[in-house]
Amino acid sequence: MDMVYMMDLIGCGVFAISGAIMAYKRKMDGVGVLVLAAVTAIGGGTVRDLLLDAPVFWLTQPNYIYVIITASILAIIWLNYSEKIPEKALEIADAIGLALFVVMGTSKALSYGVSDVTAIILGMMTGCFGGMIRDVLANEVPMILQKELYAMCCIVGASLYVLIIPFHHDLAIGSAFSAVLLLRLAAIKWKWQMYVFKY
Amino acid sequence: MDMVYMMDLIGCGVFAISGAIMAYKRKMDGVGVLVLAAVTAIGGGTVRDLLLDAPVFWLTQPNYIYVIITASILAIIWLNYSEKIPEKALEIADAIGLALFVVMGTSKALSYGVSDVTAIILGMMTGCFGGMIRDVLANEVPMILQKELYAMCCIVGASLYVLIIPFHHDLAIGSAFSAVLLLRLAAIKWKWQMYVFKY
Amino acid sequence: MDMVYMMDLIGCGVFAISGAIMAYKRKMDGVGVLVLAAVTAIGGGTVRDLLLDAPVFWLTQPNYIYVIITASILAIIWLNYSEKIPEKALEIADAIGLALFVVMGTSKALSYGVSDVTAIILGMMTGCFGGMIRDVLANEVPMILQKELYAMCCIVGASLYVLIIPFHHDLAIGSAFSAVLLLRLAAIKWKWQMYVFKY
């Protein structure tokens, strides 16, 4: 199993946990947990693959499904034995998952020969759209539309990847991953916002 | 017209009625009724076909559209001449439609050569996702995420189909259909739930 | 740049502005504005292309993205320097965009060889589904399901197109465009509704 695939599975597990926690907050049952964990984990990549007309990645790779089931069970056990949701740890895990997904998504889009701008958008969608669908299903205004530069971190990271990849493969991956991760953590820590309207 | 296609159209009509009733509850106009009836009836199969990269079934079969329009008109007439929504009859009709769709969806997914786990998921999606989109459009938390084992019945039925189909074709269809139908009716009657969290 | 493509870009810009204004009403940040503008502008056409298994139009045409970004920036500047949203002007602009999208969508669907009924539905979806996704993301019951014949105007226009196109190309475009535009403006002015239920 290669490094990139490994990282993708890790990102998938982290996102599945964030979906399971949303199901817990909404007092859903066991199936609700699984469905919400799944759409959060593979929703973004699914939208990307549909748009690219690529084979949807998890159809041929049941491993993603097993990771989601395992992550959901772990989340259920944790939430039943502990009273508290470890918000801090989750935010960091989510930022790591986000950074992994953006790099993967941008790279896959480029490999299908789309333009740079399109690749950046598809990279952002890979990272953000799973959480967006999760929030829509939970009947909330999606977090990515209003909170702490969520989508903006993805756009910066994906742009770095697109800029550097013609020159150096590993540097592109490293800097895109770091940019998303650090920007996102900084945005959480200092509550960065990017308001464009005076209210 | 063969048996399976006939059953699919019946399931489609039943689901369309459930969509039209949701539109009635939300005080929508005539177009709202048609759109909600349509997404409930063909939403699940559409998502399945998009994921499989199969031709979307209703594009080439306008019969589905005619069934939806007819069912919507019948629902409108009924709701205008009767004060009461026949909840009981609807739940049974919905369970029959669900069972039909799960069998159809799992079978179609297998015919595209996906793995067993994937076929079970796509069978479940065929049955559940139409209603899920209906609930999202009506601005509600989807019923399948919280009520009476809705998705779980589909998963059990689809699993039976996948297990039995290598040995006996008719037995696989019969047992999957019966499993979804009976489990769903039992879940409604005895208000089964599958809570995984202590609150 | 040909006429049709030009008209499509204009419709896209108009719809992007309506998305940006929804983001403003929901107090979203800069990224929320961009995402909501984008789904409104290209959501309908994207769903159409996915259903037709056609290449998604904006993947290969970054011009659509540039139009969306420009329209979003203009909307942000306007909303910051003026206290008032020009509701009237927007409704007219939206009706023009709608008419353009319905003609484009129906025509593209027919060029993929689908039946007339399907082409009418896909034309309606091209016009309406972007706004529907916008409303779902903003956590509202979609306007098209309840207001002023929105989808019905599209269905009438698309039907005219399908009826006339075998006889005369320009007449089909002209009458479909005029039908959507005039019906929509009349529906707004005289508050037409198409209630099918007595409440």
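This is a predicted model: local features need pLDDT of at least 70, side-chain atom pairs count only at pLDDT 80 or more; totals for chains, interfaces and linings use all residues.
Figure 1. Chain C contributes 31 residues to the contact and chain B contributes 29 residues. Between them, chain C and chain B bury about 2600 Å², and 70% of that area lies on carbon and sulfur atoms.

**Figure 2. Interface of chain B and chain A.** Here 31 residues come from chain B and 29 residues from chain A. The two chains bury about 2600 Å² between them, with carbon and sulfur atoms making up 70% of it. Between chain B and chain A the salt-bridge count is 0. Only 13% of the interface residues of chain B are also interface residues in chain A, so the copies meet through different surfaces.

**Figure 3. Relation of chain B to chain A.** Chain B is superposed on chain A by a rotation of 120° with 0.0 Å of shift along the axis, at an RMSD of 0.0 Å. This is the relation of a three-fold axis. Among the residues of chain B, Asn139(B) comes closest to the rotation axis, its C-alpha lying at 3.9 Å.

**Figure 4. Helix 5 of chain A.** Helix 5 covers residues 116–137; at 1.5 Å a residue its 22 residues should span 32 Å, and the end C-alpha atoms are 31 Å apart, which agrees. The helix has a kink of about 45° centred on Cys128(A). Of the 22 residues in helix 5 of chain A, 19 are buried. Just after the helix, Asn139(A) adopts a positive phi of about 60°.

Figure 5. In chain A, Arg48(A) forms a salt bridge with Asp49(A), with 3.0 Å between the closest N and O atoms. Arg48(A) is buried at a relative accessible area of 6%, and Asp49(A) is buried at 0%. A network of salt bridges links Arg48(A), Asp49(A) and Lys108(A). In chain C, Arg48(C) and Asp49(C) form a salt bridge in which the closest N and O atoms are 2.9 Å apart. Arg48(C) is buried, with 6% relative accessibility, and Asp49(C) is buried, with 0%. Over all chains, the structure holds 12 salt bridges.

**Figure 6. Salt bridge between Arg26(B) and Glu140(B).** The side chains of these residues meet at 2.6 Å, N to O. The pair links distant parts of the chain, 114 residues apart: Arg26(B) is in the loop between helix 1 (3–25) and helix 2 (30–52) of chain B, and Glu140(B) is in the loop between helix 5 (116–137) and helix 6 (150–164) of chain B. Arg26(B) is partly exposed at 28% relative accessibility, and Glu140(B) is partly exposed with a relative accessible area of 30%.

Note on methods:
Residues are numbered from 1 along each chain as its sequence is written. Chains are lettered from A and ligands numbered from 1 in the order in which they are written. Side-chain values use heavy atoms; hydrogens and water are left out. Copies are superposed by least squares on the C-alpha atoms of residues with pLDDT of at least 70 in both. Contact means heavy atoms within 4.5 Å. Helices (H or I, at least four residues) and strands (E, at least two) are DSSP runs, numbered from the N terminus. The expected span of a helix is 1.5 Å times one less than its number of residues. The bend at a residue is the angle between axes fitted to the seven residues ending there and the seven starting there. Buried means under 20% relative accessible area, exposed over 50%, partly exposed in between (1.4 Å probe, protein chains only). Buried area is the accessible area (1.4 Å probe) that two parts lose on being put together, summed over both. A salt bridge is a side-chain nitrogen of Lys or Arg within 4 Å of a carboxyl oxygen of Asp or Glu.
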